[in-house]
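Dear colleague,

I am passing on to you the structure we spoke about, and my notes on it follow below. Please read them with the model open beside you.

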Amino acid sequence: MPARSIQELFVAALASCHMLWFLGIAAKRRLCVDRYFDPAYGVMGKDEAGREMIREVVLRPEVIFAGDKQPERALIERIHHQAHQACFIANSVRSEVRCEPCFIV
């Protein structure tokens, strides 16, 4: 499999794990997510031994909520933080994984 495809699958796995945790936490708070989009990306590089690796993954989730209950930005950020802390894939890799939520104005 080409390295580019493996990189994309790795990033997709991290983004999907974060999304599922986010959706679960939002549902427990009775928030209705209408749309979740994450143009996440990874950055290749070399480790200390000179081996090729994905050095960092940046998640850029955009979430739109449906209904009358629209959460404040602070709550959305808190849910993203909780999801990031719970994501077992992010907790299992050497790559730096950052979550930088996008807010639509």
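Which residues are linked into a cluster by ring pairs? In this model, which is predicted, the cluster consists of Phe22, Tyr36 and Phe65. A search of the whole structure finds two aromatic pairs, and I take them in turn.

Because Phe22 belongs to helix α1 (residues 3-28) and Tyr36 to strand β1 (residues 32-37), the contact ties together parts that are 14 residues apart in sequence. Phe22 and Tyr36 are both buried.

The other pair, between Phe22 and Phe65, is tilted as well, with 6.5 Å from centre to centre and 45° between the planes. Since Phe65 lies in strand β4 (residues 62-66) and Phe22 in helix α1, this pair joins parts that are 43 residues apart in sequence. Phe22 counts as buried because its relative accessibility is 0%, and Phe65, with a relative accessible area of 9%, is buried too.

Turning to the sheet, three strands form an open, mixed sheet in the order β2-β3-β5, in which β2 (41-46) and β5 (96-99) are the edge strands, each pairing on one side only. Neighbouring strands of this sheet are turned against each other by 20° on average, direction ignored. Strand β2 runs antiparallel to β3 (residues 52-59), to which six bridges join it, and Lys46 stands opposite Glu52 in β3.

Notes. Residues numbered from 1 in each chain as written. Predicted model: local features only at pLDDT ≥ 70, side-chain atom pairs only at ≥ 80, totals over all residues. Heavy atoms only, no water. Pairing = 2+ DSSP bridges. Helix = DSSP H or I, 4+ residues; strand = E, 2+ residues; numbered from the N terminus. Axes fitted to C-alpha atoms, helices over the stretch in contact; angles between N-to-C directions. Phe/Tyr/Trp six-rings, centres within 6.5 Å; stacked < 30°, edge-to-face > 60°. Buried < 20%, exposed > 50% of the residue type's maximum accessible area, 1.4 Å probe, protein only.
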